[in-house]
Amino acid sequence: MKDHRPQEHSVRDLLRELFPETHRELFGHEADATHPAPPPLTLGLYPVADGRLALVQGDQLAEFTPLDPKAKGALHCDLCHYTRSRTEAALYRVHVAARRTRYVTLCTGTQSCQQRAGRSGLERLAHRIFPIEPIRADER
Ligand SMILES: [Zn+2]
């Protein structure tokens, strides 16, 4: 198949269409009117002390505190959307504002969970959690 456009150009276009992440890695951030590329934010779940997880997106941080799930039976991970046994996942509580909490079920093996979910899955989760209203310690 002949492509009349310069080869390099079409490969780059294809990359940007199909693998924007890779495109950004290879070519950096180009001003592009049709595909404005937001700067990549730090995004991920990181195990912190006492079985808690920290969800970090850019300069935002949410702390996930594990709870004893009341429900019996299988759990459905809100990040990778796998159905997990009660030993493979946990229910976490997140304070998103004063007296407002959200409950999220996540795999306890967060590394493989995040790999299954990918960056888009993490972005969806972050979208549900952030922005967090500042909470004073006495409001918890
Ligand atoms: Zn999961």
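How many bridges join strand 1 to strand 2? I looked this up and found five bridges between the two strands, which run antiparallel; strands here are DSSP runs of E with at least two residues, helices are runs of H or I with at least four, and both are numbered from the N terminus, while two strands pair if DSSP finds at least two bridges between them.

I noted that I am working with a predicted model, in which local features need pLDDT of at least 70 and side-chain atom pairs count only at pLDDT 80 or more, whereas totals for chains, interfaces and linings use all residues. Residues are numbered from 1 along each chain as its sequence is written.

Staying with this pair, I saw that strand 1 and strand 2 form a hairpin with five residues between them, and that Asp50 in the turn has a positive phi of about 60°. Leu43 stands opposite Gln57 in strand 2.

Finally I looked at Cys113 and, leaving aside its neighbours within four places in sequence, listed its contacts as Cys77, Leu79, Cys80, Leu106 and Cys107, a contact being two C-beta atoms, placed from the backbone, within 7 Å.
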